[in-house]
Amino acid sequence: MNEWSKDDFGLRLKALRERRGLSMMAFGAAIGTSASRIKDWERGKNAPSAAWIAKISERFSVSTDELIMGEVTFTPYIKATGNTVESLYDRLRETMNVESRQPSEEVDELYREIDAFNKEHYRSGKGRRLAEKELMELVIRLPKKDVLELVELAKYKRRNL
């Protein structure tokens, strides 16, 4: 079993933040803390409490084991032309948060990339089963309030078909 190290934790945290393409400020804002605290954690100066680790785990869909000890227990990401689908969605969310409500070429291009990936990936006869499996893997990692929101959305979509 691996030994806990603030330095190793900091490296894993930095890698997570960089994979998501987030600045320290954006990462901190996503979990409700400051960029300076993120900087201290990444440099191994301080270690986050269990509550902070839980927030990071929940917000960025990584296991606490992966954050604390580096043991990967779940990897739902799928490669698509050098990007992961999740990274495309993250870029889309970041673009939509930063820009005004006006549609932009960058947002349109991100939607086209996501659509192209989904058409190719789920084209086979097993596409629906694959999508259902991936959805379940993601749902089990969501907070309860998000799961309930998805249930309501699914009910609404079913009523309006």
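Biologist: Where in the chain is confidence lowest, and where is it highest?

Modeller: Strand β1 (residues 79-80) has the lowest confidence, with a mean of 36, and helix α3 has the highest, at 94. These values are pLDDT, the predictor's confidence in each residue on a scale from 0 to 100. This is a predicted model, in which local features need pLDDT of at least 70 and side-chain atom pairs count only at pLDDT 80 or more, while totals for chains, interfaces and linings use all residues. Residues are numbered from 1 along each chain as its sequence is written, and side-chain values use heavy atoms, with hydrogens and water left out.

Biologist: What pLDDT does the chain average, and which residues stay under 50?

Modeller: The chain averages 77, and 78% of the residues score at least 70. Residues 72-82 stay under 50; for them the model has 22 contacts beyond four places in sequence. A contact means heavy atoms within 4.5 Å.

Biologist: How many helices and strands are there, and what makes a stretch count as one?

Modeller: The chain has nine helices and two strands. In sequence order the pattern is α-α-α-α-α-β-β-α-α-α-α. Among contacts between residues at least 6 apart in sequence, 50% join residues at least 24 apart.

Biologist: How do you know whether α2 and α4 are parallel or perpendicular?

Modeller: Helix α2 (residues 24-31) and helix α4 (residues 50-60) pack at about 100°, with axes 9 Å apart. Since 65 to 115 degrees counts as roughly perpendicular (under 35 is roughly parallel, over 145 roughly antiparallel, and the rest oblique), α2 is therefore roughly perpendicular to α4. The axes are lines fitted to C-alpha atoms, for helices over the stretch in contact, and angles run from 0 to 180 degrees between N-to-C directions. Phe27, Ala30 and Ile31 of α2 meet Trp52, Lys55, Ile56, Arg59 and Phe60 of α4.

Biologist: How do the residues of that contact divide by class?

Modeller: Six are nonpolar, none is polar and two are charged. Here Ala, Val, Leu, Ile, Met, Phe, Trp, Tyr, Cys and Pro count as nonpolar, Asp, Glu, Lys and Arg as charged, and the others, Gly among them, as polar.

Biologist: Which name applies to the orientation of α1 and α3, and why?

Modeller: The axes of α1 and α3 come within 7 Å and cross at roughly 125°. The two helices are therefore oblique to each other. Lys6, Phe9, Gly10, Leu11, Leu13, Lys14 and Arg17 of α1 make the contact with Ile38, Trp41 and Glu42 of α3. Five of the contact residues are nonpolar, one is polar and four are charged.

Biologist: How do you know whether Phe60 is buried or exposed?

Modeller: Phe60, which lies in helix α4, has a relative accessible area of 2%, so Phe60 is buried. Buried means under 20%, exposed over 50% and partly exposed in between, with a 1.4 Å probe and protein chains only. The C-alpha atoms of Phe60 and Ala30 are separated by 9.1 Å, although these residues are 30 apart along the chain. Of the 161 residues of the chain, 29% count as buried.

Biologist: What makes a set of residues a nonpolar core, and how many residues has the largest?

Modeller: Such a core is a set of buried Ala, Val, Leu, Ile, Met, Phe, Trp, Tyr and Cys residues joined through side-chain atoms within 4.5 Å. The largest has 14 residues, with Leu16, Phe27, Ile31, Trp41, Ile56, Phe60 and Leu67 having the most contacts inside it. The elements giving two or more residues to this core are α1 (6-19), α2, α3 (35-42) and α4. Helix α4 gives the largest share, four residues.
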